[in-house]
Amino acid sequence: MIGTSIPEYIFIRICIFLVQYTTPLCIACLALLAAVRGSWTAAVSHHPLSIALLLGYSIVDGLYAAFVYLPHSRRLKEEQAQHPPPLARDERRELFQRCFANVPDTRRYLQMWFLGADEEDIRRDNVCEFLLWAFFDRRPAGEESVEDDAELDEYIDIIEKNMGRRLEPGRGKAEGLRLTLDEVDTQYRSVAWYLAVGIVDLASHCLLALNAFHYHAQPASTILSHIPPRLQDMFTTRRSEVDGLSYWHRPHTATDRLPVLFLHGIGIGLYTYVQFLKRLNSGPGSQDGEGQIGIIAIENLPISFRLTGAPLGRLDFLDRIATILDAHGWDRFVLVSHSYGTALATHMLRSENLTDRIASVMLVDPVTILLHLPDVAYNFTRRRPRSANEWQLWYFASMDPGVAHALGRHFFWKDNIVWKEELLGVARRGLPTDGTDGVLDGNGVNTKGVRTTAKPPRKVAVCLAERDLIVDTPKVAQYLAADGDEWVAAPGPAGGRGTSPWEWSSNHDERGNGYLTRDGIELLWFDGLDHAQCFDSKENQDRLCSVIRRFCII
């Protein structure tokens, strides 16, 4: 992620213009050459190669726009999300109560879910429509059942109590953010962009191969199902054990360490993480054990800036991950995920087949903690960009066709949100009956009313960037540092944004590169950094790697 300076702003706006308007620029160059030479014929005779290249690219890009991009965009707009089965009424009520036990400011909560609308424009019917999407997984039917109306009235009463005022009856002018129901919006990117993506993809392939990673490709017959095509799939000798997921594998030879499974975030594939993955076995402290730590890095092409098929559904993803792990004999491992990858990590943490195999977990820039709050959805999909980093996020990530499709039709917040006890592995899917997080006694019993597992909590590290433009990291740190169901009051105005999270709690222990919360979650706070910038320097990579290597110790 770039910074916020004026030169960076100018740079990113030029990049966006070039990616969007390469063909008009080529046509303008052709017209300029013809004008300088006095005629088209003279221009061709004096600049035959330049004319051929400019004209050829314009034709290719025009054909791509007409026969690939526009039909693809039309399909995205027409496709409807296939929501997961709705929760039972009791489960839904418990989820609602838990969510609103962790809403620090209900007024702001509603305003951001309604795209910054004035309070007087958010009326009772608007909120009911939002609740039907958020908790019932459906559009308004017009005539809800008596039971649904009673349940909605109960939720509205809680919201009004938290706000300290009654909602006006009827419907206001506010428009709500309903991610999986709203139209999928994208921005055009030219063939030149996908050529650049292909070059970067090939570069990351070579770098990983040079660092002793083995590529497990999809069948060669799938090459043309991606744009840009992955020509390296034609020449690899190893094939993935499953359809729909390719991955990189570094063999596990350490006798005293566990291997690592890595799930990347939205971006240009694994290129951003090559040096980080390399330093797990080459940075300071990497020679303390015997042998090398094995790594499996999954490739998630639908969120990797390319035109391809839909992302795997939750159950299909879990089935394929289990098959890959079994193929390499990994009974236990350390799970490391970044950004969007933390949603996939949530699926694994909740999987009966996989959760007990996860010895420890590290979430870097997690988007899944407090996902019921509007920050992630609003900042990623609806915020109007102003600074350089916001323009980079908006055009190259939010408006990418594959990313927009994955988020708008296949990202279901209830499946992806993760709670503290799920990270620690001290509770299954059961929720406290009063909606709070609950408190565990010495026998692993939730004193708020839910039976939990008595096994020791797993090691957990959460890495947060101070200036994250997607996640409200101070709020996440507050939640993680909270004692039971009590939020920790942050010092300073507006929740004390920018204040180190360990200063919010009087009960913390310093440990290595991070700080332990009361529940035993290790917080790594990166001062002055934005989303994903912890992977940019060797110093910060080593902070991450040292914790992961410690988690790997058997």
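# Helix packing, salt bridges and cores in a predicted model

Guide: In this predicted model, Tyr69, His72 and Leu76 of helix α4 meet Pro401, His405 and Arg409 of helix α15. The residues of this contact divide into three nonpolar, two polar and one charged.

Visitor: Why are α4 and α15 called roughly parallel to each other?

Guide: Helix α4 (residues 48-78) and helix α15 (residues 401-410) pack at an angle of about 10°, with their axes 11 Å apart. Angles under 35 degrees count as roughly parallel, and α4 and α15 are therefore described as roughly parallel to each other.

Visitor: What makes α15 a mostly covered helix?

Guide: Nine of the 10 residues of α15 are buried, where buried stands for a relative accessible area under 20%. The buried residues are Pro401, Gly402, Val403, Ala404, His405, Ala406, Leu407, Gly408 and Arg409, and what covers them includes α4, α9 (191-210), α13 (375-381) and α14 (388-398).

Visitor: How do you know that Arg89 forms a salt bridge with Glu151?

Guide: The closest N and O atoms of Arg89 and Glu151 are 2.6 Å apart, and the criterion asks for a side-chain nitrogen of Lys or Arg within 4 Å of a carboxyl oxygen of Asp or Glu, so the pair is counted as a salt bridge.

Visitor: What makes the salt bridge of Arg279 and Asp542 a link between parts that are apart in sequence?

Guide: The side chains of Arg279 and Asp542 meet at 2.8 Å, N to O. Arg279 belongs to helix α10 (residues 274-279) and Asp542 to helix α19 (residues 538-552), so the pair ties together parts that are 263 residues apart in sequence. Both Arg279 and Asp542 are buried.

Visitor: How do you know that Glu522 is buried, and what is the class of Arg550?

Guide: Glu522 forms a salt bridge with Arg550, the closest N and O atoms being 2.9 Å apart. Glu522 lies in strand β10 (residues 521-526) and Arg550 in helix α19, so the pair ties together parts that are 28 residues apart in sequence. At 2% relative accessibility Glu522 counts as buried, whereas Arg550, at 22%, counts as partly exposed.

Visitor: Which residues do salt bridges with shared partners join into one network?

Guide: Arg89, Arg92, Arg138, Asp148 and Glu151 are joined in this way, and a search of the whole structure finds 30 salt bridges.

Visitor: Which residues have the most contacts inside the largest nonpolar core?

Guide: The largest nonpolar core has 109 residues, and those with the most contacts inside it are Leu131, Met348 and Ile369. Helix α7 (residues 124-136) gives the most to this core, with nine residues. A second, separate core of 36 residues includes Val260, Leu277, Cys534 and Val547.

Visitor: What makes the peptide bond between Ile227 and Pro228 worth a remark?

Guide: The bond that joins Ile227 and Pro228 is cis, with omega about 5°, and Pro228 has its place in the loop between β1 (214-216) and β2 (246-250). Most peptide bonds are trans.

Terms used
Residues are numbered from 1 along each chain as its sequence is written. This is a predicted model: local features need pLDDT of at least 70, side-chain atom pairs count only at pLDDT 80 or more; totals for chains, interfaces and linings use all residues. Side-chain values use heavy atoms; hydrogens and water are left out. A nonpolar core is a set of buried Ala, Val, Leu, Ile, Met, Phe, Trp, Tyr and Cys residues joined through side-chain atoms within 4.5 Å. Buried means under 20% relative accessible area, exposed over 50%, partly exposed in between (1.4 Å probe, protein chains only). Helices (H or I, at least four residues) and strands (E, at least two) are DSSP runs, numbered from the N terminus. Axes are lines fitted to C-alpha atoms, for helices over the stretch in contact, and angles run from 0 to 180 degrees between N-to-C directions. Angles under 35 degrees count as roughly parallel, over 145 as roughly antiparallel, 65 to 115 as roughly perpendicular and the rest as oblique. Contact means heavy atoms within 4.5 Å. Ala, Val, Leu, Ile, Met, Phe, Trp, Tyr, Cys and Pro count as nonpolar, Asp, Glu, Lys and Arg as charged, and the others, Gly among them, as polar.
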